[in-house]
Amino acid sequence: MRTQVAIIGAGPAGLLLGQLLHVAGIDNVIVERQTGDYVLGRIRAGVLEQVTMDLLKKAGVDARAHAEGLPHHGIELLFQGQRHRIDMHAHTQGRQVMVYGQTEVTRDLMDARAAAGLTTIYGAANVSLHDFDGERPRVRYEKDGATHELECDFIAGCDGYHGVSRASVPASAVKLYEKIYPFGWLGMLADVPPVSDELIYCNTPRGFALCSMRSRTRSRYYVQVPVEEKVENWSDDAFWNELRLRLDPEGRERLVTGPALEKSIAPLRSFVAEPMRFGRLFLAGDAAHIVPPTGAKGLNLAASDVGYLYQALQRYYGERSTSALDRYSDLCLRRIWKAERFSWWFTSLMHRFPDTGDFGQKIQEAELDYLVHSPAASTSLSENYVGLPLESF
């Protein structure tokens with residue numbers, strides 16, 4: 001089999017790249033280790049920046065997000081028992097975010113790909129990448145008891161942190177940066193109405209909490225727990241009781257509880273791999289970077305990588321110019337490190353660290369007080385939260 005672009009990974013990054021390339025008339029095949037049902041079953045983020053929404057529109061898959069998603073103009077910060085609203089819409093000349101689950105984004109992209117009759121190979125075992133340092137890259141995999149080979153012009157590694165793409169690069173060719181946080185997020189998804197119309201970020205002596213949602217009838221809640229905590233230790237009642245203790249009186253009064261649809265603990269880390277291009281192999285999304293979820297940047301960074309790569313490939317096939325491909329890694333990394341900085345800062349501001357102590361808690365509260373009362377500080381938070389625009393090649 002031969003294609004122009006082989007995409008490794010059928011998560012939202014790989015699917016979005018495939019759809020954008022298809023719209024541009026560039027042939028592509030997606031190779032995915034898991035089944036389609038497994039990919040759809042992963043519970044992930046749900047806050048989309050304007051850049052991501054614009055790319056979904058360009059790919060022709062934004063209709064359901066606009067119909068069912070929830071536009072948000074602000075967020076609430078809860079500290080010292082009181083809530084303070086940050087009006088992101090006012091601080092960013094009318095920009096906003098859209099609350100729409102990553103699972104739904106994936107479903108929309110899968111449906112569009114199926115409708116277009118594009119090739120996605122699910123259940124591909126023992127995927128390996130070959131000759132991407134030359135001009136004839138190949139992807140080899142096993143399926144239905146046979147070994148197959150896919151020849152291509154370029155390989156897009158969109159297969160996540162544990163995928164084969166980055167692992168195929170010689171260790172001497174890539175530099176890794178990583179920070180591990182001493183806590184995780186215990187998350188619960190439940191079919192209950194959200195406690196608030198907008199997200200609430202809570203800084204409390206008991207630790208961080210986040211009140212989020214996927215729709216007007218489905219909520220996603222998180223509480224900070226020690227990194228060694230086990231989800232089996234938390235009954236539904238124990239989770240709801242702990243969340244109540246981290247809310248203000250109004251939040252406790254409005255909180256509606258119910259059985260968990262899903263419950264899990266996500267460790268927090270910051271991670272970047274440099275560079276993101278190795279010959280004709282390009283990394284995108286979690287294969288190249290991880291951010292703590294506090295800043296809602298994971299899916300959005302993956303989408304911006306894809307936006308850059310799509311533009312670069314479009315220019316290559318349209319103009320036979322490699323100039324954009326040559327700049328891909330640098331442009332992505334400029335944006336990635338800004339998002340890493342914001343996510344680290346927001347995580348440090350909102351969480352209780354083991355060594356925070358009373359002094360550290362007072363410093364956090366002072367910074368939060370400055371943040372909500374300073375227009376300049378509120379603008380900085382808002383600009384980073386709604387997302388910076390893509391730079392031009």
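**Chat on a predicted model**

Q: Where does proline 275 lie?
A: Proline 275 is in the loop between β17 and β18. Helices (H or I, at least four residues) and strands (E, at least two) are DSSP runs, numbered from the N terminus.

Q: Before we go on, what kind of model is this?
A: It is a predicted model, in which local features need pLDDT of at least 70 and side-chain atom pairs count only at pLDDT 80 or more, while totals for chains, interfaces and linings use all residues. Residues are numbered from 1 along each chain as its sequence is written, and side-chain values use heavy atoms, with hydrogens and water left out.

Q: What about β17 itself, how many bridges join it to β13?
A: Strand β17 (residues 260–274) is joined to strand β13 (residues 175–190) by 13 bridges, and the two run antiparallel. Two strands count as paired if DSSP finds at least two bridges between them. Phenylalanine 271 in β17 has glutamate 178 opposite it.

Q: And which residue is the bridge partner of phenylalanine 271 in β20?
A: In β20, isoleucine 290 is the bridge partner of phenylalanine 271. Strand β20 (residues 289–290) pairs with β17 in the antiparallel sense over 2 bridges.

Q: Changing topic: what is the strand order in the open sheet of 6 strands?
A: The order is β8-β2-β1-β12-β19-β18, and the pairing is mixed. β8 and β18 (277–278) are at the edges with a single partner strand each, so one side of each is left without a neighbour in the sheet.

Q: In which sense do β2 and β8 pair?
A: Strand β2 (residues 28–31) pairs with β8 in the parallel sense, over 2 bridges. Valine 31 has isoleucine 121 in β8 as its bridge partner.

Q: Which strands of the sheet does α10 touch?
A: α10 packs on the sheet and touches β1 (5–8), β12 (154–157) and β19 (281–283), where contact means heavy atoms within 4.5 Å. The direction of α10 makes about 175 degrees with that of β12. Axes are lines fitted to C-alpha atoms, for helices over the stretch in contact, and angles run from 0 to 180 degrees between N-to-C directions.

Q: How do the axes of α10 and α11 cross?
A: The axes of helix α10 (residues 298–319) and helix α11 (residues 323–350) come within 9 Å and cross at roughly 165 degrees. α10 is therefore roughly antiparallel to α11; angles under 35 degrees count as roughly parallel, over 145 as roughly antiparallel, 65 to 115 as roughly perpendicular and the rest as oblique.

Q: Left-handed or right-handed, that crossing of α10 and α11?
A: The crossing of α10 and α11 is right-handed. A crossing is left-handed if the near helix is turned anticlockwise from the far one by less than a right angle, and right-handed if clockwise.

Q: Which residues in α10 and α11 meet?
A: Among them are Leu301, Tyr308, Leu309 and Arg315 in α10, and Leu325, Tyr328, Arg335 and Ile336 in α11. The residues of this contact of α10 with α11 divide into 13 nonpolar, 2 polar and 3 charged. Here Ala, Val, Leu, Ile, Met, Phe, Trp, Tyr, Cys and Pro count as nonpolar, Asp, Glu, Lys and Arg as charged, and the others, Gly among them, as polar.

Q: At what angle do α3 and α10 pack?
A: Helix α3 (residues 50–58) and α10 pack at about 50 degrees, with their axes 9 Å apart. The two helices are therefore oblique to each other, and the crossing of α3 and α10 is left-handed. Thr52, Leu55 and Lys58 of α3 make the contact with Asn300, Ala303, Ser304, Gly307 and Tyr310 of α10. These residues of the contact of α3 with α10 divide into 3 nonpolar, 4 polar and 1 charged.

Q: One more sheet: what is the order of the open sheet of 3 strands?
A: The order is β3-β7-β4, with antiparallel pairing. β3 (47–48) and β4 (70–72) stand at the edges, each with a single partner strand, so one side of each has no neighbour in the sheet. In β7, methionine 98 is the bridge partner of leucine 48.

Q: Finally, how many helices and strands are in the chain?
A: The chain has 13 helices and 20 strands. Its radius of gyration is 21 Å, close to the 21 Å that the globule rule gives for 393 residues, so the chain is as compact as a globular protein of that length. That radius is taken over C-alpha atoms, and the rule is 2.2 Å times the number of residues to the power 0.38.
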